[in-house]
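Let's walk through this structure together, one piece at a time. Please have the sequence and the 3D view at hand as you read.

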Amino acid sequence: MKRKNVKILFEYIFLIFLSLLFIFPLFWMISSSLKPEANIYQDLDSLKALLPSLHPGDWLNAYQELFARFNIVRYLLNSILYAAVVTTGSIIINGMAGYAFSKFTFKGKHLLFSLLLALLIIPAETMIITQFTIVQNLGLVDTRIAVVLPMIANAFFIYLFRNFFTAVPNSVIEAAKIEGAGNWKIFWKIVMPMSKPAIATVGTLSFIASWNDYIWPLMILTDTEKHPLQVAITNINSTEPVLTNQIMAVLTISTIPLIIVYIAAQKYLLQGLGNSGSGNK
């Protein structure tokens, strides 16, 4: 029994160490945004680097100066708009595709699904030039729709939805059809409510992917007023004078929505990823 307790103790110590290792950059980023520029470099060789300024009056100075120099609100609203559209579209489009692969029978279904799975091993960066060419031919360059359109359909999300929908008993669907429900009503009223872990997983991952996306908006947008926050961070980081506390402030602002979304969906996210390959709910 004692040996078991010692083992558990070491496991907790190891997990705490790993947690601190990963949380350390976050603490340093937030604390650096809450102190004057000079203090950041003065405190680098001590534990004060993880603490905000000892004078609470200094805490919001970097944020106030940042908002005065740059249109952070517009960039933030752009990111929220893009992420919201991508998240909603991903749940609807990938959900419908997953339902079709799971419950419909059509010619070439297995071949098409095999090709879909093959897309999972192709890096997205290899297709970005093709995407740009398509968007350019459609006349959508420098439009907001061009930012979100390529991110809505995702092979992994379709695969995840398909596995969850496969676990829904066919008898439930057949009973609904007997009652007069069509495929669209069955999808929205029965299948989707039974797949909350899949919805939360797809919603969270698509939100994070859209929020952190940098290369594609940078390529497709020329109007800086349409830039999301991640692209704007690069501009802020290259606009003189470059101040570390302001950079840490904008990074903190960009991180907060991700933390909120993850905490809100954590329960379903872990369940969804854990069962993504089994079809269990």
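In which helix does serine 79 lie? Serine 79 is part of helix H4. Keep in mind as you look that this is a predicted model.

Serine 79 counts as buried because its relative accessibility is 3%, and the cut-off for buried is under 20%. Setting aside neighbours within four places in sequence, serine 79 is in contact with Trp211, Pro228, Leu229 and Gln230.

Not counting residues up to four places away in sequence, leucine 229 touches Ile72, Tyr75, Leu76, Ser79, Trp211, Val250, Ile253 and Ser254. Leu229 also belongs to the largest nonpolar core, which has 18 residues. Within that core, the residues that touch the most other members are Leu66, Ile72, Trp211, Leu229, Ile236, Val250 and Ile253. At least two core residues come from each of helix H3 (61-69), H4, helix H11 (196-212), helix H13 (229-237) and helix H14 (244-274). There is also a second, separate core of 17 residues, with Tyr99, Phe161, Ile186 and Val202 among them. In soluble globular proteins, nonpolar side chains tend to be buried together.

Now step back to the whole chain. It has 14 helices and 0 strands. The C-alpha trace spans about 70 × 70 × 35 Å along its principal axes. Of the 281 residues in the chain, 38% are buried. Among contacts with a separation of 6 or more, 77% join residues 24 or more positions apart.

Back to H4, this time for its pairing with another helix. Two packed helices are described by the angle between their axes and the distance between the axes. For helix H4 (residues 72-103) and helix H7 (residues 144-152), the axes come within 9 Å and cross at roughly 35°. This crossing of H4 and H7 is right-handed. On the H4 side, the contact is made by Asn78, Leu81, Tyr82, Val85, Val86, Gly89, Ser90, Ile93 and Asn94, while H7 brings Arg144, Val147, Val148, Met151 and Ile152. Sorted by class, the contact of H4 with H7 has 9 nonpolar, 4 polar and 1 charged residues.

Take helix H5 (residues 109-118), where Lys109, Phe113 and Leu116 are buried. These residues are on the same side of H5 because they cover an arc of only 55° around the axis. They pack against H4 and H8. What sits on the face of H5 turned away from its buried side? There you will find the exposed residues His110, Leu111 and Leu115.

Helix H10 (residues 183-191) can be read in a similar way. Which residues of H10 are buried? They are Ile186, Phe187 and Val191. The arc they cover around the axis is only 100°, so they are on the same side of H10. Trp184, Lys185 and Lys189 are exposed on the other side of H10. The cover over the buried residues of H10 includes H4, helix H8 (155-166) and helix H9 (170-178). Ile186, one of the buried residues of H10, is also a member of the second core.

Note on methods:
Residues are numbered from 1 along each chain as its sequence is written. This is a predicted model: local features need pLDDT of at least 70, side-chain atom pairs count only at pLDDT 80 or more; totals for chains, interfaces and linings use all residues. Side-chain values use heavy atoms; hydrogens and water are left out. Axes are lines fitted to C-alpha atoms, for helices over the stretch in contact, and angles run from 0 to 180 degrees between N-to-C directions. Helices (H or I, at least four residues) and strands (E, at least two) are DSSP runs, numbered from the N terminus. A crossing is left-handed if the near helix is turned anticlockwise from the far one by less than a right angle, and right-handed if clockwise. Contact means heavy atoms within 4.5 Å. Ala, Val, Leu, Ile, Met, Phe, Trp, Tyr, Cys and Pro count as nonpolar, Asp, Glu, Lys and Arg as charged, and the others, Gly among them, as polar. Buried means under 20% relative accessible area, exposed over 50%, partly exposed in between (1.4 Å probe, protein chains only). The arc is that of the directions from the helix axis to the C-beta atoms. A nonpolar core is a set of buried Ala, Val, Leu, Ile, Met, Phe, Trp, Tyr and Cys residues joined through side-chain atoms within 4.5 Å.
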